[in-house]
Amino acid sequence: MITVSNKCIGCGKCVPVCPFAAVQMIDKKAVMNEACTFCGACVQVCPVDAITIEREDPIHKDFSAHKGVWVFIELEDAHTKGKPAKLIRKVGRELLSEGRKLADTLGEELCAVVLTDKNPGYEKEIGAYGADKVYLVENSELVEYNTDVFSTVIVALINRHKPSVCLYPATIMGRDLAPRVATAIYVGLTADCTALSIKDGLLLQSRPAFGGNIMADILSPNSRPQMATVRPNVMKLSEPIDKVAVVINEDIKINKNIKRVKVIERKIVHDKASAKIENSDVIVSGGRGMKDINKFKVLEELASSLNGMVGASRAAVDLGFKEKTRQVGQSGTTVSPKLYVACGISGAVQHIVGMKSSDIIIAINKDPNAPIFNVAKYGIVGDVHNIVPKLVKAVQKRIKK
Ligand code: FAD
Ligand code: SF4
Ligand code: SF4
């Protein structure tokens with residue numbers, strides 16, 4: 001609950017800072033309307049401490065009104081002419097696939113949240129991955145991601161509809177947005193979850209902890225929504241179904257003045273060097289066992305013969321064999337290609353968490369007991385420096401046929 005005491009001197013400082021246009025000056029006194037989300041921005045600027053926000057005791061709070069599993073849908077630039085300007089990122093479909101299972105277990109709806117300047121019909125793709133509804137906010141201010149604007153809109157939607165679970169992609173955007181929302185509404189957030197399930201009606205959020213040596217299970221019993229981020233390529237995509245999600249058009253007033261960052265110029269780079277490893281169908285990764293940077297180069301030949309990209313373990317990155325953007329694993333990128341070839345990689349748990357959901361894993365290692373063989377479909381015990389050149393020749397021979 002928000003109250004303005006008699007100390008109010010009618011200075012009006014609280015009016016422009018409110019992201020939701022929730023403050024009106026009536027009879028020279030500030031009055032907050034129902035659009036208030038209790039964000040606290042006005043409290044900070046009041047020179048006479050006239051504004052008080054009282055929050056309910058979370059332990060005894062009644063969460064029965066909170067229903068629905070929400071997935072924040074991140075849009076990315078389409079690189080194909082003739083297609084809509086922005087497309088749904090694959091991680092959004094992955095989160096919907098996982099969200100559907102959670103919603104079914106809870107007996108609640110699965111809802112997507114889309115913030116855009118123009119909806120070309122996202123509800124078809126969103127419905128195909130199981131969502132019942134799309135909360136759609138269409139506004140010219142949403143053409144470009146902006147932390148202040150997007151977090152403000154999400155907070156307003158959460159306060160309006162009270163979901164029980166909110167999932168965000170652990171992308172650059174999601175990692176910026178989710179914590180901002182969490183602090184605005186005083187709820188917890190578990191970052192980089194690798195597994196989600198329902199336990200006694202609560203979201204069980206599992207993620208590696210203590211350097212990846214243990215899995216931590218996290219519950220948020222005292223706050224709603226329960227919020228988590230999940231990296232791309234962690235959750236499996238479900239088979240698309242013939243369903244169109246129901247669009248709920250949301251009218252949210254956006255205060256342009258809350259933007260503290262302005263985009264001056266956008267450059268979209270499409271060269272090969274900027275290609276992202278997580279989008280490659282084939283990855284040939286090398287580890288410390290590749291011995292040196294020159295020997296590592298043979299992996300480029302194998303990868304390009306297979307139309308794929310080269311990845312690396314952290315040890316290989318630390319040794320300078322490959323750039324950090326190609327590191328696969330817990331502190332690198334999570335990948336899920338059709339084919340993952342691990343060359344001279346031992347299979348430490350921090351590496352495995354980043355590639356174990358690949359369709360087919362082939363491991364080459366001279367140590368028959370290397371843990372990488374536990375996740376590999378095909379294992380070759382031997383010296384990478386003998387085996388990889390032979391593989392390159394064999395692949396190139398097949399291509400020529
Ligand atoms: P090693 O473990 O040294 O393995 C080299 C392997 O090469 C051995 O199995 C050996 O048998 C084999 N080999 C040697 N010579 C040959 C040869 N001639 N032919 C065939 N095989 C050969 N690691 C990651 O990869 N990604 C991460 O994101 C990551 N994040 C981390 C985060 C934290 C917080 C911590 C603590 C660690 C992280 N690590 C990560 C590091 C991880 O624990 C391992 O140290 C690392 O994965 C080991 O890399 P590697 O397998 O290349 O090297
Ligand atoms: Fe506006 Fe936030 Fe103050 Fe409510 S708490 S009136 S939303 S600034
Ligand atoms: Fe009143 Fe404080 Fe708002 Fe000024 S900032 S109008 S004193 S509530």
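1. Conventions. The model is predicted, with local features needing pLDDT of at least 70 and side-chain atom pairs counting only at pLDDT 80 or more, while totals for chains, interfaces and linings use all residues. Residues are numbered from 1 along each chain as its sequence is written, chains are lettered from A and ligands numbered from 1 in the order in which they are written, and side-chain values use heavy atoms, with hydrogens and water left out.

2. Helix 5 and helix 6. The axes of helix 5 (residues 147-161) and helix 6 (residues 172-185) come within 9 Å and cross at roughly 50 degrees; helices here are DSSP runs of H or I with at least four residues, and strands are runs of E with at least two. The two helices are therefore oblique to each other (under 35 degrees counts as roughly parallel, over 145 as roughly antiparallel, 65 to 115 as roughly perpendicular, and the rest as oblique). Their crossing is right-handed, and the contact (heavy atoms within 4.5 Å) is made by T147, D148, F150, S151, I154, V155, I158 and N159 of helix 5 and by D176, L177, R180, V181, A184 and I185 of helix 6.

3. Helix 8 and helix 11. Here the axes of helix 8 (residues 298-305) and helix 11 (residues 384-400) come within 9 Å and cross at roughly 25 degrees, which makes helix 8 roughly parallel to helix 11. The crossing is left-handed, and the contact involves V298, L299, E301, L302 and S305 of helix 8 together with V388, P389, L391, V392, V395, Q396 and I399 of helix 11.

4. Ligand 1. The ligand is surrounded by 27 residues, of which R288, S313, S331, S346 and N365 are the closest (a residue qualifies if one of its heavy atoms lies within 4 Å). A polar side-chain atom of Q327 lies 2.7 Å from an oxygen atom of ligand 1, and a backbone N or O atom of Q330 lies 3.0 Å from an oxygen atom of the ligand. A polar backbone atom of K366, in turn, is 3.1 Å from a nitrogen atom of ligand 1.

5. Backbone features to inspect. Most residues other than glycine have a negative phi, and most peptide bonds are trans. R224 and P225 are joined by a cis peptide bond with omega about -5 degrees, and P225 sits in the loop between strand 14 (214-218) and strand 15 (226-230). F38, a residue other than glycine, has a positive phi near 60 degrees and lies in the loop between strand 3 (29-32) and helix 2 (41-45).

How values were computed:
Axes are lines fitted to C-alpha atoms, for helices over the stretch in contact, and angles run from 0 to 180 degrees between N-to-C directions. A crossing is left-handed if the near helix is turned anticlockwise from the far one by less than a right angle, and right-handed if clockwise. A polar contact is a pair of N or O atoms within 3.5 Å; within protein, one must be able to donate a hydrogen and the other to accept it, and residues adjacent in sequence count only if both atoms are side-chain atoms.
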